[in-house]
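Reader: I am new to this structure and would like to go through a few of its features. Could you show it to me?
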Amino acid sequence: MCSNFNQMDYKSHWNKVYNNKVDEELGWFESDPKMTWKLIEACQLDKHARILNVGAGTSRLIDLLIENGFDNTIANDLSDSALSKLQRHILDTFQVHLECIVDDLTAPEKLTKIAPVNLWIDRAVLHFFLRPEEQDAYFNLIKTLVASKGFVIIAVFSLDGADTCSNLPLHRYDSHMLQEKLGSEFQLLSSFNHTFITPSGAERPYIYTLFQRN
């Protein structure tokens, strides 16, 4: 995902993070992912809609989806340690099995083989992809997987956001940059800035966007 990490190093980096820290110590952890949920509600999806949460980590967004009756959610991450923790949490909390796919968004192998999805959710993944070919692979995967009339939620560090996260450099965005990457097939429905306060109290400016495929 970043220019000074190959795939194996990057996977090891995130596995080490998730193995060595509890959720509340992670700088991106949200106990209440209300900004993402606001955009999900705007989609007015059927409860059986296929939802793909990329870079899910140990996100509590999955809890919200289950609590609100969504029953066809897939969690993706490069870190198998993160997804194992998430899967255990969901099983212990809701007694349901969560489908998880360990895959690299910049060189996907498994994700390209799944059925189309009605909603793609990314909070805090895209900004780790620095090289143009990595970014192209990410957006090509969206164009491959998101169904007609489907939705895309992308929340990333804004142009005035931090330039590193978890000791990794970032590529920051505004809504125009995201629109250019997605192309004319997708229409921007909503965009807003939000300053996320990390568990340690630091401010992290984000931009949240909602697109729909034509």
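Reader: At roughly what angle do the axes of helix α5 and helix α6 cross?
Author: This is a predicted model. In it, the axes of α5, residues 132–145, and α6, residues 175–182, cross at roughly 70°. These axes come within 9 Å.
Reader: How are α5 and α6 oriented to each other, then?
Author: Angles of 65 to 115 degrees count as roughly perpendicular, and α5 and α6 are therefore roughly perpendicular to each other.
Reader: Which residues make the contact?
Author: From α5, the residues are Q135, D136, F139, I142 and K143. From α6, L178, K181 and L182 take part.
Reader: How do the residues of that contact divide into nonpolar, polar and charged?
Author: In the contact of α5 with α6, four residues are nonpolar, one is polar and three are charged.
Reader: A change of topic: what is the phi of A124?
Author: A124 has a positive phi of about 75°, although it is not a glycine. Most residues other than glycine have a negative phi.
Reader: Where is A124 found, and is A124 buried or exposed?
Author: A124 is in the loop between β4 (117–123) and α5. Its relative accessible area is 13%, so A124 is buried.
Reader: And what about the phi of K149?
Author: K149 is not a glycine either, yet its phi is positive, at about 70°. K149 lies in strand β5, residues 146–157.
Reader: Is K149 buried or exposed?
Author: K149 is exposed, because its relative accessible area is 54%.

Notes
Residues are numbered from 1 along each chain as its sequence is written. This is a predicted model: local features need pLDDT of at least 70, side-chain atom pairs count only at pLDDT 80 or more; totals for chains, interfaces and linings use all residues. Side-chain values use heavy atoms; hydrogens and water are left out. Axes are lines fitted to C-alpha atoms, for helices over the stretch in contact, and angles run from 0 to 180 degrees between N-to-C directions. Helices (H or I, at least four residues) and strands (E, at least two) are DSSP runs, numbered from the N terminus. Angles under 35 degrees count as roughly parallel, over 145 as roughly antiparallel, 65 to 115 as roughly perpendicular and the rest as oblique. Contact means heavy atoms within 4.5 Å. Ala, Val, Leu, Ile, Met, Phe, Trp, Tyr, Cys and Pro count as nonpolar, Asp, Glu, Lys and Arg as charged, and the others, Gly among them, as polar. Buried means under 20% relative accessible area, exposed over 50%, partly exposed in between (1.4 Å probe, protein chains only).
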